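Thanks for coming. I will go through one model this morning, starting with the overall counts and then moving to the strands and helices.

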Amino acid sequence: MNPFTSRPITDPVYFKGRRDEIEEIGARLKNFHNISIIGQRRIGKTSLLRNLEYLLKQLEYTLNAYFIFFDLEGHSQTTPKELYSLLIRETIKKTERHYEGDSFNEFKDLIETITNTGKGIIYLFDEFESCIKNRYRDEYLPQLRNICSNNPRLAIVTSTKRGLFEAIPKEHPTSPFFNVFITIPLKLLKEEEAKSIIIDYTADSGISLKDEADIILKLAGNHPYFIHLLGFLFFEAKKKGRIDYKEVEKKFLLDAETQFKYYLNELSKKEKDCLYQIVKFGKCEDEEIISGLRQKALLDEDKEGRIKAFSTTFEEFVKKKPEEEDKMTEEEDKMKKRQDMSQNINITGSSGVTIIQAGKDAYYIENKKQLKPKIDNNYPKKKVFISSTCFDLEDVRAELAVALNEWGYIPLWNESPDFPKKPGFHSHDICLDVVKEECDIYILIIDKRHGGISFSS
């Protein structure tokens, strides 16, 4: 069986590296400090949180506390009542207690009842961005801050892509949530940690990749996700008896370049300029930008201490990217896109596929009916469901919703204020019900990522 995976690690035996970060987390949690773990997408935040209790015990950090993991993905529309109901449910499951409730006060009472026995609670909140984007955040973020500030045997560990200071809107009306958190970044692995993934994973499999470790690290860098991605391909090739290195690299780049593109799209113009300078000229004068790019796991150092892209494949990808011709500011660019979407959209289509052409970009929309920019006001407005992968196409959904509103349609998408709420149901099931029961038109926006798996289907 191939030991490499592109999914979060659920068996702690397969978790490798991060000793320094785990030791710092252990030292902080001994005093029940709240921790914000930040790191680029695919850097291993979920794997770390899922296995944290076991990993701390391995390093002899035995804490007298319950570790309660909670995946917040898909909860960007969850109401406070629904959230506290879920938290209470997970807490009583872990602590084997009998308790019912769905309010903050009941949640707070449950925590105090448990911690008064001398046992602590450590909540591990993965994908905390969903809470930050939730329209009810002004209600429950101060409440969470209150309980984790005032209960000496309670700690919260969050995982986010950006620091809480950056992620939480500045207009937040109460004391800043991030003030009670210690930030621990996840960067690239150390080289010996990265190599241990390759060698240890295959040591007992009968198909060792020890001889291929250097080439894997050259192409993937010390990045855990890309090591797993490339390790999987090398393992499969060697299992068949022969490794075609060019073919393996070609397959690797099919997936890796999608991630590379995402990473570049997330950077500011200054960060992109600095990155281009490093891959082309070997230097950038802005140390602050360099520090930020290292924290985002995009830069590393060679053995002489010179800064470089984290892998040769990423370096080549950056070199291939054309120089930016658009000199508009970020805000001007958003305004132009919004105007393009609402004013300069050409709609064509046949055989159930509609193409929306906006400026230079084309969005192919699978739908049984064609959109019409003019609506007959004598008939009820049609409801349009907008579907896409979550974070990468968030702006596209919002811009399309603006355009649909102007055309006289009623857009519905997961973040919309009028989107139905169903306590206890997964967001996938809610979306499917909305499509079947309420919508006249369904728009599917497809880029290069796939969404989650609907387990009810």
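A helix here is a DSSP run of H or I with at least four residues, a strand is a run of E with at least two, and both are numbered from the N terminus. On that basis the protein has 18 helices and 13 strands. Keep in mind that this is a predicted model. Of the 457 residues, 46% count as buried. Among contacts with a separation of 6 or more, 69% are between residues 24 or more positions apart.

Let me start with the parallel pairings around β3 and β4. Strand β2, residues 65-71, pairs with β3 in the parallel sense, over 7 bridges. In that pairing F70 stands opposite F125 of β3. On to the next pair: β3, residues 120-126, and β4 are also joined in the parallel sense, here over 5 bridges. Two positions to look at are I121, which stands opposite L154 in β4, and L124, which stands opposite V157 in β4. Then there is β1, residues 34-38, which runs parallel to β4 and is joined to it by 4 bridges. There, I37 stands opposite S159 of β4.

How many residues of β3 are buried? The count is 7 of the 7, so β3 is largely enclosed by the rest of the structure. Both of its faces are covered.

Next, a helix pair. Two packed helices are described by the angle between their axes and the distance between the axes. For α5, residues 104-115, and α7, residues 137-150, the axes come within 11 Å and cross at roughly 20°. Angles under 35 degrees count as roughly parallel, and α5 and α7 are therefore roughly parallel to each other. Their crossing is right-handed. On the α5 side the contact is made by F104, F107, K108 and I111, and on the α7 side by Q143, L144, N146 and I147. Sorted by class, this contact has 5 nonpolar, 2 polar and 1 charged residues.

One single residue before I move on. S130 lies in helix α6, residues 129-133. Is S130 buried or exposed? Its relative accessibility is 6%, so S130 counts as buried. Leaving aside residues up to four places away in sequence, S130 touches L72, E73, G74, H75 and S76.

Last, a sheet further along the chain. It is an open sheet of 3 strands in the order β12-β11-β13, and the pairing is parallel. Which strands are at the edges? They are β12, 410-412, and β13, 441-444, and each pairs on one side only. From one strand to the next, the twist averages 25°. Strand β11, residues 383-387, runs parallel to β13 and is joined to it by 4 bridges. The bridge partner of S387 is L444 in β13. Helix α17, residues 394-407, lies across β11, β12 and β13, and runs at about 165° to β11.

Notes
Residues are numbered from 1 along each chain as its sequence is written. This is a predicted model: local features need pLDDT of at least 70, side-chain atom pairs count only at pLDDT 80 or more; totals for chains, interfaces and linings use all residues. Side-chain values use heavy atoms; hydrogens and water are left out. Axes are lines fitted to C-alpha atoms, for helices over the stretch in contact, and angles run from 0 to 180 degrees between N-to-C directions. Angles under 35 degrees count as roughly parallel, over 145 as roughly antiparallel, 65 to 115 as roughly perpendicular and the rest as oblique. A crossing is left-handed if the near helix is turned anticlockwise from the far one by less than a right angle, and right-handed if clockwise. Contact means heavy atoms within 4.5 Å. Ala, Val, Leu, Ile, Met, Phe, Trp, Tyr, Cys and Pro count as nonpolar, Asp, Glu, Lys and Arg as charged, and the others, Gly among them, as polar. Two strands pair if DSSP finds at least two bridges between them. Buried means under 20% relative accessible area, exposed over 50%, partly exposed in between (1.4 Å probe, protein chains only).
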